[in-house]
Amino acid sequence: MADVMPFSLHSSFSTPSLASSFLRADCLSWILDHGVDVDTSTKSGNTLLHLAAYHGNKATCQMLLARGSEPSAVNRRGEEPWEAAAANCHHQCAKLIKAWP
């Protein structure tokens, strides 16, 4: 029996954005394991790290950074992920991202 995915990774419905919005590191890990680029972005240039940082999910930020997400990626507003975190008062996420090697 062939592997059947419950959704398309390339549909107009953004699975990576949905998973990061729900702050589910396990879902993000699964889709990254199945071929989604860790630095995939939304139309506005927000990477998964931007989204996790904006929502204040430190565990998800740490997982994305450990998997190679670019901590200095810039969205269309000119924001890096740490700035998205700081703008929403998620200072622990901002500090983690800024300090990442």
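Modeller: The count comes to one salt bridge, meaning a side-chain nitrogen of Lys or Arg within 4 Å of a carboxyl oxygen of Asp or Glu. This is a predicted model, where local features need pLDDT of at least 70, side-chain atom pairs count only at pLDDT 80 or more, and totals for chains, interfaces and linings use all residues. Side-chain values use heavy atoms, without hydrogens and water, and residues are numbered from 1 along each chain as its sequence is written.

Colleague: Which side chains meet in the salt bridge?

Modeller: R67 and D33, at 2.7 Å from N to O. The two are 34 residues apart, with R67 in the loop between α4 (58–66) and α5 (81–87) and D33 in helix α2 (residues 25–33). Helices here are DSSP runs (H or I, at least four residues), numbered from the N terminus.

Colleague: Is D33 buried or exposed?

Modeller: D33 is exposed, at 53% relative accessible area, while R67 is partly exposed at 34%. Buried is under 20%, exposed over 50%, partly exposed in between (1.4 Å probe, protein chains only).

Colleague: Switching topic, what does L64 contact?

Modeller: Leaving aside neighbours within four places in sequence, L64 is in contact with L28, L32, V38, L48, L49, A52 and S69. Contact means heavy atoms within 4.5 Å.

Colleague: And what sits over the ring of W82?

Modeller: The charged end of K98, 4.2 Å from the ring centre. The rule asks for NZ of Lys or CZ of Arg within 6 Å of the ring centre and within 35 degrees of the ring normal.
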